[in-house]
Amino acid sequence: MIDAHFLKSLALPQPLECSKEERGRVCIIGGSREVPGAVLLAALGAMRAGAGKLQIVTVESRAGALAVAMPEALVIDVPETPAGGLLYSPVASMASRWDSAHALLVGPGMVEEEDGHEILKSLLDSSGEAVIVVDAGAPPRITELGEGLQKHIGRVIITPHAGEMANLLGVDKAAVEADPTLAASRLTEEFGLIVIMKGSQTVITAPDGIWRYEGGGVGLATSGSGDVLAGIVAGLAARGAEPVAAAMWGVFLHGEAGSQLAMKVGPLGFLAREIPDLIPNLMSEQP
């Protein structure tokens, strides 16, 4: 069970006197013309989790607005598809611009399945030792990327909810909801993925174990909450947390922030954008 006591054995890296480079670089690839805010929410989560440097790769029509909304980021604009999604070929050709990233987050706000799939495939082929967090728009066909995933066993983290997991496995959503641990374990066993199976009880499966977190509350089931979670996990990985530890801490911090907001605002009605601001204090309160 993931709680504050359990996490004592997985202390987060605590840089003292160092540069922002040593605190880690995170790159977030995602967004679309209609859903640009997902990248912003993920970026807030990553920086509040303690990453030192941030890059955002997003569609050209929204890059300027994101650069203003997130002045801490280097924003790279990419040509977009007619539907307003990220176009694969320019992203692949720019890969050298983020090859020094310690963590990559791909998927928030992405709407083009084919291009998202090719972007993820390209990252698996070229990302070296970076931890890769896969969220929302990128994973629908991740099971087709077995060869690439085998090169990153234990370093790719995916964050599906029950509906997304059902699509990945080709089963009914009800089957996933009936046994989320079994569903997540299938992907871990076959591909070496770290799976954050989101739900009323979050299950994390990894090549070396299974863990559960029971906090948070129904208020976290709101638009943008998953983007924040993915950003927190990526930020923790960028600053040096081992991938499994980043997943555990990310789920815990996200859930505890939800619990605090439920007490402050109400069990329903708080916003995803309010979650990141609580993360630094929650980290400082832990042993």
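Modeller: The model is predicted, and the labels are taken up below.

Biologist: Why is Thr81 counted as buried?

Modeller: Buried means under 20% relative accessible area. Thr81 has 7% relative accessibility, so Thr81 counts as buried.

Biologist: Where is Thr81 placed, and which residues is Thr81 in contact with, leaving aside its neighbours within four places in sequence?

Modeller: Thr81 is in the loop between strand S3 (74–78) and helix H4 (88–93). With those neighbours left out, its contacts are Arg33, Leu86, Leu87, Glu112 and Asp115; contact here means heavy atoms within 4.5 Å.

Biologist: What makes S1 and strand S2 a pair?

Modeller: Pairing takes at least two bridges. S1 and S2 (residues 53–59) have 5 bridges, in the parallel sense, so they pair by that cut-off. Val26 has Leu54 as its bridge partner in S2. From S1 the chain passes through helix H2 (residues 37–48) to S2, and this β-α-β crossover is right-handed.

Biologist: How do you know that S1 and strand S4 pair?

Modeller: The cut-off is again at least two bridges. S1 and S4 (residues 103–106) have 4 bridges, in the parallel sense, so this also counts as pairing. In S4, Leu105 stands opposite Ile28.

Notes: Residues are numbered from 1 along each chain as its sequence is written. This is a predicted model: local features need pLDDT of at least 70, side-chain atom pairs count only at pLDDT 80 or more; totals for chains, interfaces and linings use all residues. Side-chain values use heavy atoms; hydrogens and water are left out. Helices (H or I, at least four residues) and strands (E, at least two) are DSSP runs, numbered from the N terminus. Buried means under 20% relative accessible area, exposed over 50%, partly exposed in between (1.4 Å probe, protein chains only). A crossover is right-handed if, with the strands pointing away from the viewer, the path from the first strand over the helix to the second runs clockwise.
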